[in-house]
Amino acid sequence: MVSNIVTFLLGCLAGWFTNHWYSVNMRHPSLRQSGSGGGINFDGSGYRYVSVSLQNELRQLALILPETVIFGKRLKTRFGNQIVERDPARQCRARLLEESGRHICHLWWMDGQKTAETVEIKSGESSNLILFLRSNNTGQYFVYQPTSNTDLTPKTHDVPTFNKTMAFLVEVSYLHGSRRLQFPVKVVIGYDGGFSFETKNSSGMF
């Protein structure tokens, strides 16, 4: 009888906690870098490229209490086990920074067959951010900027260009600039002239 009452009270507490957090905080969008990619012929331009993927991650909601035994009976200690649909991450803007935090330039998103300076990332979905391009014929790489929103052809003049191994930060702001995500990226030029791209959870050649 006592254990049933305790279980009931804990269930009520878990229900209140779940509803409160779900309505107040749990639905806020939350971006994370979910991977990177690249290719050898960006939109038919012949340039090698590298990109990162940003996801508005889903969240699992559960309340886990310390293990409790009353009168020899083990009580339930896990309450709730549901996937929370977050609100869309609106007006996502990205920029490239020096490792020190100094601004270099704004970055562009791939939005279907177009590029965009801002995107909306829905709950559980991802969007790709184009970072760097390079040609096989030079030892340089440069930041991607499109000719226009509908012409993906990369600009090759008046864009930041680099010719050595460098570490950067990518910063993404969303929710009208009130929330931010920062993560490090690094481009390494090897002794053999090869280019590689590194982030905290992914790496590759380009």
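Arg95 is partly exposed, at a relative accessible area of 26% (partly exposed lies between buried, under 20% relative accessible area, and exposed, over 50%, with a 1.4 Å probe and protein chains only). Its structure is a predicted model, in which local features need pLDDT of at least 70 and side-chain atom pairs count only at pLDDT 80 or more, while totals for chains, interfaces and linings use all residues. Residues are numbered from 1 along each chain as its sequence is written, and side-chain values use heavy atoms, leaving out hydrogens and water.

Arg95 meets Glu171 in a salt bridge, at 2.8 Å from N to O (a salt bridge is a side-chain nitrogen of Lys or Arg within 4 Å of a carboxyl oxygen of Asp or Glu). This pair links distant parts of the chain, with Glu171 in strand β15 (residues 166-174) and Arg95 in strand β7, 76 residues apart; strands (E, at least two residues) are DSSP runs numbered from the N terminus. Glu171 counts as buried, at 8% relative accessibility. Through shared partners, salt bridges join Arg95, Glu171 and Arg180 into one network.

Across the whole structure, the search finds four salt bridges. One of them pairs Arg32 with Glu57, whose closest N and O atoms are 3.2 Å apart. Arg32 lies in strand β1 (residues 31-39) and Glu57 in the loop between β2 (48-56) and β3 (59-64), so this pair ties together parts that are 25 residues apart in sequence. Both partners count as partly exposed, Arg32 at 33% relative accessibility and Glu57 at 25%.

Strand β7 (residues 89-98) also holds Arg90, which forms a salt bridge with Glu120, the closest N and O atoms being 3.6 Å apart.

Key. Helix = DSSP H or I, 4+ residues; strand = E, 2+ residues; numbered from the N terminus.
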